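Reader: I am new to this structure and should like to be guided through its features by question and answer. May we begin once the structure is in view?

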Amino acid sequence: MSYFPEAKILEIDLTSGKIQRKTLPGEIYRLYPGGSALGLYLMMQDYIPGTDALDPGNILVFSVSPLTGLPISGISRMNVTARSPLTGTAGDSQSGGFIASYLKMNGWDAVVFKGKSEKPVYLVIDGSDAELRDASHLWGKVTGEVEALIQEEMGDKQVEVAQIGPAGENLVKYACIINKCSRANGRNGMGAVMGSKNLKAMVVKKGQPVAASDPEAFMALARSA
């Protein structure tokens, strides 16, 4: 079998506030290489059959492709997976924007959220560092206002923010997750799942550019695409 890298997974237990950094072996990552495949695999590791979509036991996964962050068309997509409140089955949704590339620049292939926070929070990712911050002052506000407030708090207008608005907070079953105030994970009600966990946003700082391990092979792939 050809070489395949390990996947880097950031796991957040919102109930306890515990943050863990994990790896997925290359032989497994090769079978579920990013995006929808990786998201569903990670969701099913801890999902208990019959758990309601809006129950704290639902697993919410943000995942990206192994090629995300590299200069090839159509790769910068953020996939979000969870049990859907609309269908009652496993569902996912994709969005564009820069947040997927930012996540990969920080070294992460997926972020897994479990449980439910006692109060509204948002997650900040800065390289290998991750921190949950109070979002009580952001709860109830619309996406444009929240993005501006978070950028001001961070002192950084380049941070990317994936967030919910009042629809997600109020568990509207078709609520979206929005980044850049214009890009939406718009299917399967992933925003309602975020709201059920009291998770207002995931904030990602810009990291180091991603480089291909085999530049010549990558350029051949990019040209063919």
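Author: Helices (H or I, at least four residues) and strands (E, at least two) are DSSP runs, numbered from the N terminus. This is a predicted model, in which local features need pLDDT of at least 70 and side-chain atom pairs count only at pLDDT 80 or more, while totals for chains, interfaces and linings use all residues. Residues are numbered from 1 along each chain as its sequence is written, and side-chain values use heavy atoms, with hydrogens and water left out.

Reader: Which residues of α4 are buried?

Author: Buried means under 20% relative accessible area, exposed over 50%, and partly exposed in between (1.4 Å probe, protein chains only). In α4, the buried residues are Thr 143, Val 146, Glu 147, Ile 150, Gln 151 and Met 154.

Reader: How far apart are the end C-alpha atoms of helix α4?

Author: The expected span of a helix is 1.5 Å times one less than its number of residues. For the twelve residues of α4 (residues 143-154) this span should be 16 Å, and it agrees with the distance between the end C-alpha atoms, 16 Å.

Reader: Is Glu 169 buried or exposed?

Author: Glu 169 belongs to helix α5 (residues 166-169). Leaving aside residues up to four places away in sequence, its contacts include Leu 138, Trp 139, Ile 164 and Lys 200. With a relative accessible area of 12%, Glu 169 is buried.

Reader: What is the order of strands in the open sheet of six strands?

Author: Two strands pair if DSSP finds at least two bridges between them. The pairing in this open sheet is mixed, and its six strands have the order β2-β1-β6-β3-β4-β5.

Reader: Which are the edge strands?

Author: An edge strand of this sheet pairs on one side only. The two that do so are β2 (18-24) and β5 (90-95).

Reader: Which residue in β6 is the bridge partner of Leu 10?

Author: Strand β1 (residues 7-13) and strand β6 (residues 110-114) run parallel and are joined by five bridges. Within β6, the partner of Leu 10 is Val 111.

Reader: How many disulfides does the count give?

Author: A disulfide is a pair of cysteine sulfur atoms within 2.5 Å. The sulfur of Cys 176 has its closest cysteine sulfur in Cys 181, at 13 Å, which is too far for a bond. Cys 176 is partly exposed at 30% relative accessible area, and Cys 181 is partly exposed at 38%. The count of disulfides is zero.

Reader: What is the phi of Cys 181?

Author: Most residues other than glycine have a negative phi, and most peptide bonds are trans. Cys 181 lies in the loop between β10 (177-179) and β11 (183-185). Its phi is positive although the residue is other than glycine, with a value near 60 degrees.

Reader: Where is Asn 198 found?

Author: Asn 198 is not a glycine, yet its phi is positive, about 60 degrees. Its relative accessibility is 13%, so Asn 198 counts as buried. Asn 198 is found in the loop between α6 (190-196) and β12 (199-204).

Notes. Contact = heavy atoms within 4.5 Å.
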